[in-house]
2 protein chains.
Amino acid sequence: MSKQRIAIIGAGPSGMAALRAFTSAQQAGAQIPDIVCYEKQDDWGGQWNYNWRSGIDRHGEPVHSSMYRNLWSNAPKEALEFAEYTFDQHFGRPVSSYPPRAALWDYIDGRVRRSNVKDKVQFSTAVRWVEYNREEDNFTVTVENLKSQTTSSSEFDRVIVATGHFSYPNVPDFKGIETFPGTLHHAHDFRGAEKLADKRVLLIGASYSAEDIGVQAFKMGARAVTMSYRTAPMGYDWPEGMEELPIVDHFDGETVHFSDGQTREFDAVIMCTGYLHKYPFLPSDLALHSRNNIYPGGLYRGVVWQKNPKLFYLGAQDQWFTFNMFDAQAWYVRDLIMGRAELPSAEQRAAHMRSWRTRFQALDGDADEVRFQADYIRDLITATDYPMFDLDEVVRIFLEWKADKKNNILTYRDKPHRSVMTGTMAAEHHTTWLNELDDSLERYLST
Amino acid sequence: MSKQRIAIIGAGPSGMAALRAFTSAQQAGAQIPDIVCYEKQDDWGGQWNYNWRSGIDRHGEPVHSSMYRNLWSNAPKEALEFAEYTFDQHFGRPVSSYPPRAALWDYIDGRVRRSNVKDKVQFSTAVRWVEYNREEDNFTVTVENLKSQTTSSSEFDRVIVATGHFSYPNVPDFKGIETFPGTLHHAHDFRGAEKLADKRVLLIGASYSAEDIGVQAFKMGARAVTMSYRTAPMGYDWPEGMEELPIVDHFDGETVHFSDGQTREFDAVIMCTGYLHKYPFLPSDLALHSRNNIYPGGLYRGVVWQKNPKLFYLGAQDQWFTFNMFDAQAWYVRDLIMGRAELPSAEQRAAHMRSWRTRFQALDGDADEVRFQADYIRDLITATDYPMFDLDEVVRIFLEWKADKKNNILTYRDKPHRSVMTGTMAAEHHTTWLNELDDSLERYLST
Ligand SMILES: Cc1cc2nc3c(=O)[nH]c(=O)nc-3n(C[C@H](O)[C@H](O)[C@H](O)COP(=O)(O)OP(=O)(O)OC[C@H]3O[C@@H](n4cnc5c(N)ncnc54)[C@H](O)[C@@H]3O)c2cc1C
Ligand SMILES: Cc1cc2nc3c(=O)[nH]c(=O)nc-3n(C[C@H](O)[C@H](O)[C@H](O)COP(=O)(O)OP(=O)(O)OC[C@H]3O[C@@H](n4cnc5c(N)ncnc54)[C@H](O)[C@@H]3O)c2cc1C
Ligand SMILES: NC(=O)c1ccc[n+]([C@@H]2O[C@H](COP(=O)([O-])OP(=O)(O)OC[C@H]3O[C@@H](n4cnc5c(N)ncnc54)[C@H](OP(=O)(O)O)[C@@H]3O)[C@@H](O)[C@H]2O)c1
Ligand SMILES: NC(=O)c1ccc[n+]([C@@H]2O[C@H](COP(=O)([O-])OP(=O)(O)OC[C@H]3O[C@@H](n4cnc5c(N)ncnc54)[C@H](OP(=O)(O)O)[C@@H]3O)[C@@H](O)[C@H]2O)c1
């Protein structure tokens, strides 16, 4: 029998986890399938591969990453640590719990850069269209090499979609918004808070982007920061100069009217209104349609496309856990593909999905969600040889993190946590987050 | 023989010209092919269909239009007038020579809105992929209905590509640009000049976008406007507060160093560096690759894809002439498709292209280009029943326009020109362009 051919679409943390999963089996002596990973950017790292560009990139593709210059991890690194490549291994000494973007990129890159797995990635190559061939029971994947501007098609037995879902902004309309004369864009196109110095800033949304761009703007000297919520305020103990108001009713030039009748004037508006699941390269019967949640419908064990189990998704969930969850998913998908784990029947899969879906729908609040996602990961790891780790302790770290934020949204990043993988206590960063204006790797590692 | 099936991709002015060409043959009693036009926006008008959004639209598609709130025609309307639907017919009275965007949208919409041709357009439908089927000698066109998020495929005998080429920004890199703390984007994402009031603005580029955004910024009270050229300055007699400098060498925070050693500090940078020809739905053997010029290679008579003459492009040229040129192209393509005009052999086509290409390469300066494009249009109209008009007189209008701009870049839009089609002298707008801050249709038509 000829070797299976596997396409991985995207080389962000999820696609890199898939690459790592296969090569670790290979290093342990197994025969692995032929793998091609297509990545439209010119390097791997996905969201973590920062770029100053916004909107459309130099090849005319939508810019993928939504990260900004000043981005620091918003949760402790101890919650995302790989179980089989620790921060101690990477940095050789304790580092702080909330690294800046560049340090996390270095960590995910570090796990794979010394192997030759990068050879399996075709960079600057965008997947344009995927077609399932019923007769051959395989897929035709059509790609464009963005540098040479040539398209080509190849056949694959399985396809792994790892293109993320925080790249296509969800931008609602508001009455009169076209009359707003100031700066107006979505968080996706936000690249740095310096330009908000001295500005009156409105952030629409009440989740991570609003919170973090809000405190970044405060840090960089914004004159006033207003955050507008649709469902419920975040409710942190905001410093003077930051406030939460209910949802925007309408715009009238630079004046914004809120639903409680209050008005404010603004210089800049940033929509922190989340993202769309979008897979423009997939026919609709293969494309996931979901809101951003931790148990999207249609995916057995969160990874197998129920309607066509030769198609897989990685990282399609909303994310409390990130890197180590992608690993658990990638290891399980690898084992299915390599025949090490058995795919249950369609009925069994449906029953499994129903029971998890029922549990998902009964979740009440963030702590419940974190525990659910921990259990989900446990279920996956149990089926693979990925090193099991103390998921309950990670849940505890998440809850502590939430309490820290509640306590002080401006200082929670200064606190060290203990690694679940190595027991190492994190270092304290030399400078408090609020006073640290340089988020380069050099500065982070300087003592 | 069953009816031919024709797909038109895009319902901007070019796609609308194609729709009009077919329906005008039908109104004259001819049997026309089955036509489906796919348009990803929710209305027609292409660039002229203004939207406040930038970057990515509400369906996750790249925003198409590069136009801004304050955009007024940058050339006299007498140069773009349809030969078979005049401004007099549309507005019922003389209007000024440089209408605002909304008035031109109204004009192109007005020609077609009273027929039922809009039924042929599938709006909010993006073409995802086009495949040529060698055996059947036809095309499979795969589209996504963006509202229902469903994909589907249909077969067509011919495909007309009318998707424009001023939508995918060309954004060069400059050393240190990632350190610039202010507002930074391409002209494609520019939506209005009000926010530039009191700002120090850098525009990179030396063509229409730089010129027009520059004078808009001046009009709206920018503190200082610097335009940076790579090849040659525009050389207008800029008012105090506007200047041209050579190309940027590098950025260092808010300080920009120019190649002549001068430096300036800026609050905002807008790249007016042109656009990419990009057809992400076409395999590379069907996709035009060209710089923005008036005689792109590979197209017989500027419209027939030489390598596969069942594929056509409309509006692929850089544009002195616009709406009436798209008409001439659309009428000719219609006649080829309906067998009213004969397609020469591949060799004859190649010879024709070579001779025009030689002439194109010998052009020296703008006046030469305008004459070349007039001759090109004449050649097309001669082959069809589109009403011939006095192209030499339009050339004269273009040259007068150029002289007017040279004379005063702030007042050239106040001048009236005479219609080539009707002999009507344009009205003088009630307010000079520099003092007109309202560019709505209502205001434009108020007397
Ligand atoms: C603003 C922001 C901040 C975040 N901060 C944190 C944080 O602090 N900590 C944390 O743990 N997580 C954070 N996240 C979550 C983040 O999503 C994950 O950390 C992780 O990047 C997800 O990995 P992924 O591989 O699934 O997707 P992505 O990182 O999005 O990678 C997807 C890859 O697919 C490629 N791709 C897309 N389309 C195509 C195509 N058609 N053809 C070829 N390639 C394609 C992209 O170029 C990209 O490289 C943040 C996310 C955002 C948006
Ligand atoms: C900033 C700016 C200012 C301009 N000002 C003037 C002016 O003053 N006077 C003038 O005469 N000309 C002006 N132009 C030139 C303008 O290009 C033409 O007037 C005209 O709009 C070109 O028509 P078109 O139909 O070829 O392309 P477009 O107007 O670009 O229309 C293309 C259409 O294709 C659709 N489309 C694209 N991709 C897809 C897809 N995959 N599936 C389905 N539909 C798709 C788009 O949504 C759009 O509706 C200006 C251009 C720009 C960028
Ligand atoms: N490292 C960091 O510091 C950092 C920074 C930013 C983001 N992130 C990550 O990025 C990801 C995305 O976070 P996100 O905050 O961008 O998206 P998100 O978590 O999906 O939140 C979207 C927000 O937009 C609101 N919203 C949606 N539609 C709206 C509408 N029509 N009107 C008003 N509000 C609307 C939602 O309100 P409802 O609650 O009413 O639905 C919600 O508050 C997360 O994984 C997060 O961890 C990390
Ligand atoms: N109605 C209006 O008022 C209006 C307003 C704006 C635009 N438009 C239309 O929009 C269309 C596009 O015009 P445009 O000006 O955006 O594009 P354009 O005419 O293609 O001009 C592109 C400009 O960018 C410069 N450039 C390209 N790459 C560069 C680089 N790496 N570094 C520095 N400069 C670089 C070019 O310089 P070189 O000369 O050195 O190549 C040129 O000056 C035209 O049809 C125009 O009529 C109309």
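User: Which helix gives the largest share of the shell around ligand 4?

Analyst: In this model, which is a predicted one, that share comes from helix H4 of chain B, residues 208-219, and it amounts to three residues. The shell around ligand 4 holds 21 residues, and those that come nearest are B:Ala206, B:Ser207, B:Ser209, B:Arg230 and B:Thr231.

User: Which classes do the residues of the shell around ligand 4 divide into?

Analyst: They divide into 10 nonpolar, eight polar and three charged residues.

User: Which side chains have an N or O atom close to an oxygen atom of ligand 4, and what are the distances?

Analyst: To read a polar contact, look for a pair of N or O atoms within 3.5 Å. The side chain of B:Thr231 has such an atom 2.3 Å from an oxygen atom of ligand 4, B:Ser207 places a polar side-chain atom 2.7 Å from a ligand oxygen, and in the case of B:Arg413 the distance from a side-chain N or O atom to an oxygen of the ligand is 3.3 Å. As for the cover that the protein provides, ligand 4 taken alone exposes 940 Å², of which the protein buries 81%.

User: How many residues surround ligand 3, and which are the closest?

Analyst: There are 22 residues around ligand 3, and the closest are A:Ala206, A:Ser207, A:Ser209, A:Arg230 and A:Thr231. By class, this shell has 10 nonpolar, nine polar and three charged residues, and its largest share, three residues, comes from helix H4 of chain A, residues 208-219.

User: How many salt bridges does the structure hold, and what is the idea behind them?

Analyst: In general, side chains of opposite charge can pair when their charged atoms come close. Over all chains, the structure holds 68 salt bridges. One of them joins A:Asp327 to A:Arg111, with 2.8 Å between the closest N and O atoms. This pair links distant parts of the chain, since A:Asp327 belongs to helix H5 (residues 323-337) of chain A and A:Arg111 to helix H3 (residues 101-113) of chain A, 216 residues apart. Both A:Asp327 and A:Arg111 are buried.

User: Why do B:Arg128 and B:Glu61 count as buried?

Analyst: B:Arg128 counts as buried because its relative accessibility is 9%, and B:Glu61 counts as buried because its value is 6%. These two residues form a salt bridge whose closest N and O atoms are 2.7 Å apart. B:Arg128 is in strand E4 (residues 125-133) of chain B, whereas B:Glu61 is in the loop between strand E2 (34-38) and helix H2 (87-91) of chain B, 67 residues apart.

User: Are B:Lys402 and B:Asp366 buried or partly exposed?

Analyst: B:Lys402, at 26% relative accessibility, counts as partly exposed, and B:Asp366, at 33%, counts as partly exposed too. They form a salt bridge with the closest N and O atoms 2.6 Å apart. B:Lys402 lies in helix H8 (residues 391-407) of chain B and B:Asp366 in helix H7 (residues 366-382) of chain B, so the bridge ties together parts that are 36 residues apart in sequence.

User: Which residues are linked in a network of salt bridges?

Analyst: One such network links A:Glu393, A:Arg396, A:Glu400, A:Asp404 and A:Lys415.

Methods:
Residues are numbered from 1 along each chain as its sequence is written. Chains are lettered from A and ligands numbered from 1 in the order in which they are written. This is a predicted model: local features need pLDDT of at least 70, side-chain atom pairs count only at pLDDT 80 or more; totals for chains, interfaces and linings use all residues. Side-chain values use heavy atoms; hydrogens and water are left out. A residue is near a molecule or strand if one of its heavy atoms lies within 4 Å of it. A polar contact is a pair of N or O atoms within 3.5 Å; within protein, one must be able to donate a hydrogen and the other to accept it, and residues adjacent in sequence count only if both atoms are side-chain atoms. Accessible areas come from the Shrake-Rupley method with a 1.4 Å probe; for residues, only the protein chains shown count as cover. Helices (H or I, at least four residues) and strands (E, at least two) are DSSP runs, numbered from the N terminus. Ala, Val, Leu, Ile, Met, Phe, Trp, Tyr, Cys and Pro count as nonpolar, Asp, Glu, Lys and Arg as charged, and the others, Gly among them, as polar. A salt bridge is a side-chain nitrogen of Lys or Arg within 4 Å of a carboxyl oxygen of Asp or Glu. Buried means under 20% relative accessible area, exposed over 50%, partly exposed in between (1.4 Å probe, protein chains only).
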